[in-house]
Amino acid sequence: MDAETWRLHLGGRVERPLELTLAELQARPAQTHVVTLECAGNGRAFLSPHVTSQPWLSDAVGTAAWTGTPLAPLLEEAGLLPDALEVVFSGLDRGLQDGVEHAYERSLPVADAQRGDVLLAYAINGQPLPPQHGWPLRVIVPGWYGMTHVKWLASIRVDAEPFRGWQQEDAYRLHQSEDDPGTPVTRMLPRALLAPPGIPDFFSRSRFLDAGPCLLAGRAWSGWAPVERVEVSVDGGAHWVDAVLEEPLAEYAWRGWRYDWDASPGEHELCCRATDGAGNVQPAEPAWNLGGYCNNAVQRVHVTVS
């Protein structure tokens, strides 16, 4: 993209359509939010029966400091008409999926789009967005799964009808079959992950370590409320103990945790689970769905201690 010729168009059910350059957006009041983004398909590879799509294990998640200008003042400046229902974000990436040619588009209800922490971001960790993160502009919607954070933003359109685009109506829904309309994927479910200790076996990924003191550490997050508790089990979930939580980075960022384990010789299955402030707790087993979304089941790491 050429930053000099790129323009953001904001129109639809508004009184005053806007067209803004990148420089004009960067000249507006800016905010920086530390936000965790997780792909809705993170953990898909662990589901059974197998789901045909990108086979993510547990690594489709990351945290960064995003800088941009809030969306809400732009919507106010444009003037939403009384029948405004949804705000549609259109990216410049275009392709075919299930035989349907379309640009990547997602929408938010007007009330969610008007949240003060929704950003039109042009920088990550103090640097301009690189191409793979959506240069020159992307949406950041704290707490929501990654499909909501539209990259390579081209336009914002306010609609008076529910948006029926392919990435909204067909993809990113929790359904059990092609005939089941299901429910939309929205906010990130609570999840804790630990960094597997020791060294791995190449094929099984089982871990091996020596007996004695072993620090178990990881990250936990949720899009519904801040994480308030992380528990650890070294016997496959039969018994749980509380981990120590580190100080929060930010409201919508993952939270560090640690647990000092005295590793005894034998076979162990390490597990961790998070609880957020809304009372949501990770389940022991995944909830299967056709798209393989939102698998926040408890992580299990097999360890041999010698």
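View 1. At 2% relative accessibility, Ala-40 counts as buried; buried means under 20% relative accessible area, exposed means over 50%, and partly exposed lies in between (1.4 Å probe, protein chains only). The model shown here is predicted, so local features need pLDDT of at least 70 and side-chain atom pairs count only at pLDDT 80 or more, while totals for chains, interfaces and linings use all residues. Residues are numbered from 1 along each chain as its sequence is written, and side-chain values use heavy atoms, with hydrogens and water left out. To find Ala-40, look in the loop between strand 3 and strand 4. Helices (H or I, at least four residues) and strands (E, at least two) are DSSP runs, numbered from the N terminus. Thr-186 is 146 residues from Ala-40 in sequence, yet their C-alpha atoms are 8.9 Å apart in space.

**View 2. A salt bridge between Glu-38 and Arg-191.** The side chains of Glu-38 and Arg-191 meet in a salt bridge, at 2.8 Å from N to O. This link joins distant parts of the chain, with Glu-38 in strand 3 and Arg-191 in strand 13, 153 residues apart. A salt bridge is a side-chain nitrogen of Lys or Arg within 4 Å of a carboxyl oxygen of Asp or Glu. Are Glu-38 and Arg-191 buried or exposed? Both of these residues are buried.

**View 3. Other salt bridges to look for.** Across the whole structure, a search finds 13 salt bridges. One of them joins the side chains of Asp-159 and Arg-157, at 2.9 Å from N to O. Asp-159 counts as buried because its relative accessibility is 16%, whereas Arg-157, at 28%, counts as partly exposed. Arg-164 and Glu-169 also meet through their side chains, at 3.3 Å from N to O. Here Arg-164 has 55% relative accessibility and so counts as exposed, while Glu-169, at 33%, counts as partly exposed. Elsewhere, Arg-229, Glu-231, Asp-242 and Arg-273 are linked in a network of salt bridges.

View 4. Follow the strands in the order 13-16-20-19, which pair in the antiparallel sense. Strand 13 and strand 19 are the edge strands, each pairing on one side only. Two strands pair if DSSP finds at least two bridges between them. Strand 16 (residues 212–221) meets strand 20 (residues 255–263) over nine antiparallel bridges. Strand 19 (residues 244–245) pairs with strand 20 over two bridges, again antiparallel. Which residue of strand 20 is the bridge partner of Gly-218? That partner is Trp-257, and Leu-245 also stands opposite Trp-257.

**View 5. Helix 2 and its buried face.** Helix 2 spans residues 71–78, and its buried residues include Leu-71, Ala-72, Leu-74, Leu-75 and Ala-78. Seen down the helix axis, the buried residues fall within an arc of 160°, so they line one face of helix 2; the arc is that of the directions from the helix axis to the C-beta atoms. An α-helix has 3.6 residues a turn, so residues three or four places apart point the same way. After helix 2 comes Gly-79, whose phi is positive, near 80°.

**View 6. The largest pocket.** This pocket has a volume of about 1300 Å³. On a 1 Å grid over the protein atoms alone, a pocket is an open set of points where a 1.4 Å probe fits, with protein on both sides within 12 Å along at least five of seven lines, and lining residues have an atom within 4 Å of a point. Grid points are joined across faces, edges and corners, and a volume is the space filled by probe spheres set on the points. Of the 50 residues that line the largest pocket, Gln-97, Tyr-104, Gln-167, Tyr-172 and Tyr-293 lie nearest its centre. Elements that each supply at least two lining residues include strand 3 (31–38), strand 5 (86–97) and helix 4 (166–169). The lining divides into 22 nonpolar, 15 polar and 13 charged residues. Ala, Val, Leu, Ile, Met, Phe, Trp, Tyr, Cys and Pro count as nonpolar, Asp, Glu, Lys and Arg as charged, and the others, Gly among them, as polar.

**View 7. The second largest pocket.** About 730 Å³ of space lies here. The second largest pocket is lined by 24 residues, and Phe-46, Ser-58, Gln-299, Arg-300 and Val-301 lie nearest its centre. Strand 13 (191–194) and strand 22 (299–305) are the elements that give two or more residues to this lining. Strand 22 gives the most, with four residues. By type, the lining of the second largest pocket holds 11 nonpolar, seven polar and six charged residues.
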